[in-house]
Amino acid sequence: ARRMGIKTVAVYSEADANARHVRMADEAVLIGPAAVKESYLVIDKIIGAARQTGAQAIHPGYGFLSENEDFCHACDEAGIVFIGPPVAAIHAMGSKSEAKKIMGAAGVPLTPGYHGDDQDPELLKREADDIGYPVLIKAAAGGGGKGMRLVEKSEDFLDLLGSCKREAISSFGDQHVLIEKYLTRPRHIEIQVFGDTQGNCVYLFERDCSVQRRHQKVLEEAPAPGMTPERRAAMGQAAVDAAKAVGYVGAGTVEFIANQDGTFYFMEMNTRLQVEHPVTEMITGLDLVEWQLRVASGEPLPLAQEQLQIRGHALEARIYAEDPDKGFLPSTGKLLHLSPPAENLHVRVDTGVEEGDEISPHYDPMIAKLIVWDQNRDRALARMLQALAEYRVAGVSNNISFLSRLTACPAFSGADLDTGLIEREKAYLFPEAKATPIEVWQVAALAELLREANRGAAKARRDEDPLSPWHARDGWRLNASAKRDLIFRLGEEQQTVNVAYRADGYTLT
């Protein structure tokens, strides 16, 4: 926005008062307490902030109200441009079952399944029996991996249907479900589409998002390994057909589930920019947010389909404050130390936090998106491993070591991909924990002692009396040698290091 000469306004909750997006924006408006239902999900407060500051448009981001048709309608009513698709497109794609009907009419390939309105449990069971097991029960209004149940055999269907409907009503306020054939080793491949107000629509190639845990993406890459030009063109055209069927404008993602043999079926459409859009930017050399802003202001798409090209290979890893060894349990706390790898032509870091910030329990615990690019996939994998090795986070549990193992995993590096990869490679990805070597604790203690000494020296240089002995951190005592204990924690392990100061250094035990 700044590069384009556009001023920005951030909205923030009380928990985000010092957040990075607040510091970066030209203006910022407080919209309520930490709870999203009292701040980020309150449509009137967002519209009010826009009116208060004279904002002409609202970019809805990745989550919260980004796919909410009521919010889009409220923007229209207020005369504020919603940087996204029209209300009708959001409505059409908001229900999985309705979206399937529209896609079927548009000739987009569909997974065998039942998408009807009759929700009688016995009818649903008969439909599942006819489709053939395994089947997946999905909440029609679902998303983010919620409201889904895998049914392996007929006798389990009704129990799992009830469980799915309860979760759907709790999470989305709608218990309508659809049933689809469950593919045993599917890949998750999505196509980035872009439409403008003049009726033009293009696809910006594909992303492979097969590596997931609990239906949530962990690693994404572009282009998809093993994708032939013919299949890319077919999937791209199907995605464009899907977008045109609902009069789509702006950035959107058409998600497909693909068999190992290359056949593919429409899954859903995300009517917003995706978290993993940077891998598409890296292989096309384009800024998709800039495209969003230009299209929203009424400009035509900057490029036609034949002008778009793929260059190289890109990967994105989601750096999270979570503990993979505890079922990816979110971690909260202060980022005591945060040092990402240096950014350059090959490495990009998109983040909303800085050292000293808090990872709160109120919002998604993502620390950053780490994106790498190189001329081919093997070189990009090497870049990712190097960048992960250089990433430093202290203060919260994180998934960096897990991501390193995942990137190096023979199944992933060999492009043997499907959505069950993490479960399938559990032995490799979750090795048995070993005791931390004693040298690691000693090095940690030495690093802390040297940090204290450096801080003391820096303070001395700023002081009126730089030679004052009170700045020294050498443990000097009048009648005895100084001793102290330093206590460190790594995961569940805790270790005390005894420090004895010596004239020429320290003794650590």
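Is Phe328 buried or exposed? With a relative accessible area of 9%, Phe328 is buried. Please keep in mind as you read on that this is a predicted model.

**Backbone features**

Phe328 is also worth a look for its backbone. Its phi is near 60°, a positive value in a residue other than glycine. You will find Phe328 in the loop between strand E15 (322-323) and strand E16 (329-330). Arg214 is not a glycine either, and has a positive phi of about 50°. This residue sits in the loop between strand E10 (201-213) and E11.

Next come the cis peptide bonds. One runs from Ala222 to Pro223, with omega about -5°, and Pro223 belongs to the loop between strand E11 (216-222) and helix H8 (229-245). Another runs from Tyr133 to Pro134, with omega near 5°; Pro134 lies in the loop between H6 and E6.

**Around Tyr133**

Tyr133 is located in the loop between helix H6 (121-131) and strand E6 (135-139). Its relative accessibility is 21%, so Tyr133 counts as partly exposed. The side chains of Tyr133 and Asp129 are joined by a polar contact of 2.6 Å. Beyond its neighbours within four places in sequence, Tyr133 touches several residues, including Lys125, Ala128, Phe157 and Lys181.

**A helix pair**

How do H3 and H4 run relative to each other? Helix H3 (residues 69-77) packs against helix H4 (residues 87-94) at an angle of about 175°, and their axes are 9 Å apart. The two helices are therefore roughly antiparallel. On the H3 side, Glu69, Cys72, His73 and Asp76 make the contact, and on the H4 side Val87, Ile90 and His91 do. By type, the residues of this contact divide into 3 nonpolar, 2 polar and 2 charged.

**Cysteines**

How many disulfides does a search of the whole structure find? The search finds 0.

| Cysteine | Closest cysteine sulfur | Sulfur distance |
|---|---|---|
| Cys75 | Cys72 | 6.5 Å |
| Cys409 | Cys209 | 18 Å |

For Cys75, the distance to Cys72 is too far for a bond, and the distance from Cys409 to Cys209 is too far for a bond as well. Cys75 counts as buried at 0% relative accessibility. Cys409 is buried too, with a relative accessible area of 0%.

Note on methods. Residues are numbered from 1 along each chain as its sequence is written. This is a predicted model: local features need pLDDT of at least 70, side-chain atom pairs count only at pLDDT 80 or more; totals for chains, interfaces and linings use all residues. Side-chain values use heavy atoms; hydrogens and water are left out. Axes are lines fitted to C-alpha atoms, for helices over the stretch in contact, and angles run from 0 to 180 degrees between N-to-C directions. Helices (H or I, at least four residues) and strands (E, at least two) are DSSP runs, numbered from the N terminus. Angles under 35 degrees count as roughly parallel, over 145 as roughly antiparallel, 65 to 115 as roughly perpendicular and the rest as oblique. Contact means heavy atoms within 4.5 Å. Ala, Val, Leu, Ile, Met, Phe, Trp, Tyr, Cys and Pro count as nonpolar, Asp, Glu, Lys and Arg as charged, and the others, Gly among them, as polar. A disulfide is a pair of cysteine sulfur atoms within 2.5 Å. Buried means under 20% relative accessible area, exposed over 50%, partly exposed in between (1.4 Å probe, protein chains only). A polar contact is a pair of N or O atoms within 3.5 Å; within protein, one must be able to donate a hydrogen and the other to accept it, and residues adjacent in sequence count only if both atoms are side-chain atoms.
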